[in-house]
Amino acid sequence: MNIEEYRAYCLSKPGTSEGMPFDDEVLVFKVGGKMFALTRISSFEYINLKCDPERALELRASHDAIRPGYHMSKTHWNSVYLHQGLEDGLVRELIDHSYSLVYASLSKKVRTSISNTPQ
C-alpha cells in the first residue's frame with residue numbers, strides 16, 4: 001500500500017475528514033472529530049491505528065511489523081509498519097477496525113449525522 005492508496009481508503013469511510021493538526025508532516029484522519037489513523041507523510045514508514053487492547057496484544061505477538069503505538073497510548077494504539085511484509089488486506093482490515101472503534105465511541109447524534117450524510 002502506498003500513501004495515495006492509504007489516503008483514498010481512509011477517505012472512503014463515511015464521515016472521514018483529513019487534516020494536519022500537529023505540523024505539516026503528520027496526516028491525520030478523523031471521524032466525528034476523533035482520530036482513527038495518522039502517518040508521517042515524508043516517510044510513510046508506518047501508520048498509527050486505534051485497536052482493541054486485547055487484539056493489539058495478539059497482533060503484536062503474531063506480527064513483527066505491528067508494534068505499540070509510537071507517541072500514542074501503548075494500550076489503545078498500534079504502529080503498523082507497512083514495508084515489513086504485511087498484506088494490504090490486513091492493513092485495510094486494521095484501518096476498518098480502527099475506524100469502527102472510533103465510530104462506535106461517538107455519540108448517537110454524531111453517528112446518525114454521519115450515517116445520514118450522502119457519500
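Visitor: How many bridges join β1 to strand β2, and which way do they run?
Guide: In this predicted model, 4 bridges join β1 to β2, the latter spanning residues 26-31, and the two strands run antiparallel. Within the sheet, Gly19 stands opposite Val28 in β2.

Visitor: What is the strand order of the whole sheet?
Guide: The order is β1-β2-β3-β4-β6-β5, an open sheet of 6 strands with antiparallel pairing. The edge strands are β1 and β5 (66-68), each of which pairs on one side only. From one strand to the next, the twist averages 25°.

Visitor: Which strands does α1 touch when it packs on the sheet?
Guide: Helix α1 touches β1, β2, β3 (34-40) and β4 (46-50). The direction of α1 makes about 175° with that of β3.

Visitor: Which residues of α1 are buried?
Guide: Tyr6, Tyr9 and Cys10 are buried in α1. They cover an arc of only 95° around the axis, and therefore they lie on the same side of α1.

Visitor: What do the buried residues of α1 pack against?
Guide: Their partners are β1, β2, β3, β4 and also helix α3.

Visitor: And what caps the N-terminal end of α1?
Guide: Asn2 does: one of its side-chain oxygens lies 3.0 Å from the backbone nitrogen of Glu4.

Visitor: Let us turn to charged pairs. How many salt bridges does the structure hold?
Guide: The structure holds 4 salt bridges. One of them is formed by the side chains of Glu18 and Arg7, at 2.5 Å from N to O. This pair links distant parts of the chain, with Glu18 in strand β1 (residues 16-19) and Arg7 in helix α1 (residues 3-11), 11 residues apart.

Visitor: Is Glu18 buried, partly exposed or exposed? What about Arg7?
Guide: Glu18 is partly exposed, with a relative accessible area of 34%. Arg7 is partly exposed as well, at 38%.

Visitor: Which residue does Lys13 meet in a salt bridge?
Guide: The side chain of Lys13 meets that of Asp96, again in a salt bridge, with 2.5 Å from N to O. Lys13 lies in the loop between α1 and β1, whereas Asp96 belongs to helix α3 (residues 88-105), so the pair ties together parts that are 83 residues apart in sequence.

Visitor: Why does Lys13 count as buried?
Guide: Lys13 counts as buried because its relative accessible area is 13%, and the cut-off for buried is under 20%. Asp96, with 26%, is partly exposed.

Visitor: Which residue does Glu93 meet in a salt bridge?
Guide: Glu93 meets Arg55, the side chains being 2.6 Å apart from N to O. That pair also links distant parts of the chain: Glu93 is in helix α3 and Arg55 in helix α2 (residues 53-62), 38 residues apart. Glu93 is partly exposed, with a relative accessible area of 31%, and Arg55 is partly exposed with 21%.

Visitor: Back to the sheet. How many residues of β4 are buried?
Guide: In β4, 4 of the 5 residues are buried, so the strand is largely enclosed by the rest of the structure.

Visitor: How many bridges join β3 to β4?
Guide: There are 3 bridges between β3 and β4, and these strands run antiparallel. Leu38 stands opposite Asn48 in β4. The hairpin of β3 and β4 has 5 residues between the strands, and Phe44 takes a positive phi near 45° there.

Visitor: Over how many bridges do β4 and β6 pair?
Guide: β4 and β6 pair over 5 bridges, in the antiparallel sense. Here Lys50 stands opposite Trp77 in β6.

Visitor: Where is Ser79, then? Is it buried or exposed?
Guide: Ser79 is in strand β6, which covers residues 77-81. Ser79 counts as buried, since its relative accessibility is 0%.

Visitor: Which residues does Ser79 touch?
Guide: Leaving aside residues up to four places away in sequence, Ser79 touches Tyr46, Ile47, Asn48, Ala65, Ile66, Arg67, Pro68, Gly69 and Tyr70.

Visitor: Which backbone nitrogen lies 2.8 Å from a polar atom of the side chain of Ser79?
Guide: That is the backbone nitrogen of Tyr70.

Methods:
Residues are numbered from 1 along each chain as its sequence is written. This is a predicted model: local features need pLDDT of at least 70, side-chain atom pairs count only at pLDDT 80 or more; totals for chains, interfaces and linings use all residues. Side-chain values use heavy atoms; hydrogens and water are left out. Buried means under 20% relative accessible area, exposed over 50%, partly exposed in between (1.4 Å probe, protein chains only). Two strands pair if DSSP finds at least two bridges between them. Axes are lines fitted to C-alpha atoms, for helices over the stretch in contact, and angles run from 0 to 180 degrees between N-to-C directions. Contact means heavy atoms within 4.5 Å. The arc is that of the directions from the helix axis to the C-beta atoms. A polar contact is a pair of N or O atoms within 3.5 Å; within protein, one must be able to donate a hydrogen and the other to accept it, and residues adjacent in sequence count only if both atoms are side-chain atoms.
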